[in-house]
Amino acid sequence: MSAFVRPPVGPVVLRLDEQETSILEQLASQLVDMLEDATRAGLATAVELDPAMARLVPEGYRDDPEAAAEFRRFTADDLVGGKVTAARTVLAALTADASDAAQPTDIPVGHEDGAAVTLEGETAWTWLRFLNDTRLTIAARLGIEEDDGEPFDPAPTTSDDEQDPQLMMAIYAWLGYLQESIVAVLDEA
């Protein structure tokens with residue numbers, strides 16, 4: 001399983017195997033599509049209709065609907081724009097030509113056939129935001145209200161069109177592991 005690491009000298013690095021890279025590419029692309037579709041449809045409507053959008057664009061004032069609507073009106077576009085930018089940054093890093101990326105050799109390699117993503121400067125924080133947004137989206141889709149560490153048993157799939165809840169739960173847990181590893185690396189800095 002991959003984790004973010006920081007060598008003794010240099011930037012944060014994430015080594016991924018091909019399947020992990022593919023999953024992150026798909027998640028980043030889907031997040032961009034969802035956010036752009038919500039923007040085109042109108043964020044206020046999207047937030048009302050989609051629990052994932054409600055998590056990504058939360059209310060500023062829970063006890064005052066009028067103030068919450070006003071707050072969202074002034075902040076939602078910038079908030080969603082930042083989320084789209086973060087997801088596109090992750091997607092660009094994952095789809096970059098391998099010959100363009102620095103391949104550090106002083107980091108233990110767990111995935112010989114995968115890729116190493118090097119995160120310079122603030123890019124590690126961008127990845128953290130993307131991981132958080134993606135986990136919030138998956139949690140909303142699975143009906144997870146709190147991540148209290150207790151096992152969650154999603155309902156079985158009832159349609160061929162639905163994502164397998166067990167698979168989505170595994171991806172949710174893996175993203176949590178990646179999120180925890182990047183926080184630990186950033187905390188060391």
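A crossing is called left-handed if the near helix is turned anticlockwise from the far one by less than a right angle, and right-handed if clockwise. With that in hand, here are some notes on the helix packing.

1. **Basis.** This is a predicted model, in which local features need pLDDT of at least 70 and side-chain atom pairs count only at pLDDT 80 or more, while totals for chains, interfaces and linings use all residues. Residues are numbered from 1 along each chain as its sequence is written, and side-chain values use heavy atoms, with hydrogens and water left out.

2. **Overall layout.** The protein chain has 6 helices and 3 strands, where helices (H or I, at least four residues) and strands (E, at least two) are DSSP runs numbered from the N terminus. Read from the N terminus, the order is β-β-α-α-α-α-β-α-α. Of the 189 residues, 39% count as buried (under 20% relative accessible area; exposed is over 50% and partly exposed in between, with a 1.4 Å probe and protein chains only).

3. **Surface and contacts.** The protein chain exposes about 11,100 Å², and carbon and sulfur atoms supply 51% of that area (Shrake-Rupley method, 1.4 Å probe). Among contacts with a separation of 6 or more, 70% come from residues 24 or more positions apart; contact here means heavy atoms within 4.5 Å.

4. **H1 with H4.** Helix H1 (residues 18-41) and helix H4 (residues 65-95) pack at about 150°, with their axes 9 Å apart. Axes are lines fitted to C-alpha atoms, for helices over the stretch in contact, and angles run from 0 to 180 degrees between N-to-C directions. H1 is therefore roughly antiparallel to H4 (angles over 145 degrees; under 35 is roughly parallel, 65 to 115 roughly perpendicular and the rest oblique). H1 passes H4 in a left-handed crossing. Residues of H1 in this contact include Leu24, Ala28 and Leu31, and those of H4 include Ala87, Val90 and Leu94. The contact divides into 11 nonpolar, 4 polar and 4 charged residues (nonpolar: Ala, Val, Leu, Ile, Met, Phe, Trp, Tyr, Cys and Pro; charged: Asp, Glu, Lys and Arg; polar: the others, Gly among them).

5. **H1 with H5.** The axes of H1 and helix H5 (residues 123-142) come within 11 Å and cross at roughly 75°, so H1 is roughly perpendicular to H5. Leu24, Leu27, Ala28, Leu31 and Met34 make the contact from H1, and among their partners in H5 are Trp127, Phe130 and Ile138.

6. **H4 with H5.** The axes of H4 and H5 come within 9 Å and cross at roughly 110°, which means that H4 is roughly perpendicular to H5. H4 passes H5 in a left-handed crossing. On the H5 side, Thr123, Thr126, Trp127, Phe130 and Asp133 meet H4 residues that include Lys83, Ala86 and Val90. The classes here are 7 nonpolar, 3 polar and 2 charged.

7. **Two prolines worth a look.** Pro58 lies in the loop between helix H3 (51-56) and H4 and is partly exposed, at 39% relative accessible area. Leaving aside neighbours within four places in sequence, Pro58 contacts Arg72 and Leu79. Pro165 belongs to helix H6 (residues 165-188) and counts as buried, at 10% relative accessibility.
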